[in-house]
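Opening the notebook on this one.

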Amino acid sequence: MNRYIQYMYSYPHKTAYRLLENISLKDYFFNLEGEGHSLYLHLPFCESKCGYCNLFSVTGCRKMQMEAYLDAVLRQIKQYKEIMPRSTSFGDFTIGGGTPLLLECGQMSRIFEAVAANMPLEGDCKVIIETAPNQTDREKAELLKRLGVTRVSMGIQSFDDKELRWLGRNHDSARAKKAAELLSGTGFECVNFDFIYGLPEQTAESLVCSLQTALDFEPDEIFLYPLYIKHGVRLEREGQKDVLDSDHTYELYRCGSEYLKEKGYIQKSMRRFLKKDSAGSCTEFSECGLKSALSLGCGGRSYLGRLHTCTPYRTNRNAALKEIQEYQRKEDFFSVTNGILLSEDEIKRRYVIKHLLFLPGISAQAYKQAFQKDIWEDFPVLRQWVEQGWLQENHGGFEHGAMDHNVSNGTAPDNSGMWTGCMEHTSEPLELPEYIGHTSEPLELPDYIGLTTEGLGLSDYIGPQLISEDIMGKMLEWERINA
């Protein structure tokens, strides 16, 4: 059994997006009315390309090229400001990449100031940024603190130099330790470190050793990612894809997750672990998937109602550079040419995926209030997973810190507000019920359908089973075309 099919951080995947015609974001901006939406800025520049990376990013760009890109972002911001609903406010602002801190301090200040002046950020807006050890120095860390960044996520991946070389990381363990110490001492509200497991020669001892080193810096969060070698990455070209072993990866997951829990971290999903004293209430229900997200830059996704849109998915440098150049020449940033319009069935699947894989899980009552349907009837596979021991019904919610009886704790995914957002309204020919995304009565949530400990470790197997035949067909078609 291959437990590692796909990481379901969002749905549908970009490879299911297709050419769209006669679509304008202007017709969907009403989805941004109200509070709590997400704003995302994509900076697609990296110092080097890691061996496993299939993200939309490019290497070798100079300051002048980055300046031209930022010029385009500022034009985009000003266009969006002109028609932004008066009531709009963004609850989180994420800068992802690429490696955002590859920008110089002046460039970073410029983009932050432009967003603050033109985008309606809430007063307590969470400001999140990604970085890498080589780009993390004192000057930039202190600048981020002054600019109001609340969460910094750094991809360390390992403190073992041999493992770092195999992954194609461009830093060593000494540089990573120095950067970790710097971030931990700067006073950010949240510091997160990312690690990867599943390398062919990685051992439980080497993984735990890396995590032990990480805990010396007292991070607020740790993410554990299983290694994937996707189509088009360097490790695939080097013939390394066949060396991955699902059983080996799963054993490393068990060792890593158990170690972090023993050290007082609370598991919130298959990947996310929070320091107990900063984890908050484990019984808190977070409604995921009913707010919209707006993306700035080239490569990020916008979720506006049932319209999902982004730049065509590119994994190699030349194709990504071409998209960046087209973005920089763009005059009308409201024009949409690539994306997907979700049906009611796909909206339901998205909602289930975005709750079920992140404990405390999904509320059957919340689902019924959102869609006026019974979740067990819409998704009978859930009954099968209960019988298999992967899911359980938890009456009365979760006790804080309860890790026994097959219960862990979870929340919405990973370090990007980009992954929130679903549907509240639609102006398209498909008539969807008005009740979707709205509730008129206070929501009481006594019951959850949540992953067991076994189910949590199978998240990357369970999640893909919820992909519709139509979306799966489009994803496979993309793989054939881009083989």
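I started with K230, which sits in the loop between strand 9 (221-226) and helix 7 (234-237). This is a predicted model, so everything I jot down here is read off predicted coordinates.

**Helix 1 against helix 9**

Two packed helices are described by the angle between their axes and the distance between the axes. For helix 1 (residues 63-83) and helix 9 (residues 317-329), I read an angle of about 50 degrees and axes 9 Å apart. Helix 1 and helix 9 are therefore oblique to each other. The crossing of helix 1 past helix 9 is left-handed.

Which residues make this contact? From helix 1 I listed Q65, A68, Y69, A72, V73, R75 and Q76, and from helix 9 I324, Y327, Q328 and R329. Sorted by type, the residues of this contact of helix 1 with helix 9 are six nonpolar, three polar and two charged.

**Helix 2 against helix 3**

The crossing of helix 2 past helix 3 is right-handed.

On the helix 2 side I have C105, M108, S109 and F112, and they meet E139, K140, L143 and L144 of helix 3. The contact of helix 2 with helix 3 splits into five nonpolar residues, one polar and two charged.

**Aromatic pairs**

How many aromatic pairs are there in the whole structure? My search turned up 19. One of them is Y80 with F334, a tilted pair with 5.5 Å centre to centre and 50 degrees between the planes. Y80 lies in helix 1 and F334 in the loop between helix 9 and strand 15 (335-341), so this pair ties together parts that are 254 residues apart in sequence. I checked burial too: Y80 counts as buried at 2% relative accessibility, and F334 is buried with a relative accessible area of 5%.

Then I looked at Y367 and F371, again a tilted pair, with 4.9 Å centre to centre and 45 degrees between the planes. Y367 and F371 both belong to helix 11 (residues 364-371), four residues apart, about one turn of the helix. Y367 is buried, at 0% relative accessible area, and F371 is buried at 0% as well.

I also found one aromatic cluster formed by Y7, Y9, F223 and Y225.

**A quick look at T213**

T213 is in helix 6 (residues 204-215). I have T213 down as buried, because its relative accessible area of 16% is under the 20% cut-off. Leaving aside neighbours within four places in sequence, what is T213 in contact with? My list reads F159 and K177.

**Backbone spots**

I went through the cis peptide bonds next. The bond from G97 to G98 is cis, with omega near 10 degrees; G98 belongs to the loop between strand 5 (90-97) and helix 2. The bond from L359 to P360 is also cis, with omega near 20 degrees, and P360 falls in the loop between helix 10 (344-356) and helix 11.

Last, I noted positive phi values outside glycine. N22 is not a glycine, yet its phi is positive at about 60 degrees. N22 is placed in strand 1 (residues 18-24) and counts as exposed at 81% relative accessibility. Q157, another residue other than glycine, has a positive phi near 75 degrees. Q157 lies in strand 7 (residues 151-157), and at 8% relative accessibility Q157 counts as buried.

Terms used: Residues are numbered from 1 along each chain as its sequence is written. This is a predicted model: local features need pLDDT of at least 70, side-chain atom pairs count only at pLDDT 80 or more; totals for chains, interfaces and linings use all residues. Side-chain values use heavy atoms; hydrogens and water are left out. Axes are lines fitted to C-alpha atoms, for helices over the stretch in contact, and angles run from 0 to 180 degrees between N-to-C directions. Helices (H or I, at least four residues) and strands (E, at least two) are DSSP runs, numbered from the N terminus. Angles under 35 degrees count as roughly parallel, over 145 as roughly antiparallel, 65 to 115 as roughly perpendicular and the rest as oblique. A crossing is left-handed if the near helix is turned anticlockwise from the far one by less than a right angle, and right-handed if clockwise. Contact means heavy atoms within 4.5 Å. Ala, Val, Leu, Ile, Met, Phe, Trp, Tyr, Cys and Pro count as nonpolar, Asp, Glu, Lys and Arg as charged, and the others, Gly among them, as polar. Rings of Phe, Tyr and Trp (its six-membered ring) pair if their centres lie within 6.5 Å; planes under 30 degrees apart count as stacked, over 60 as edge-to-face and the rest as tilted. Buried means under 20% relative accessible area, exposed over 50%, partly exposed in between (1.4 Å probe, protein chains only).
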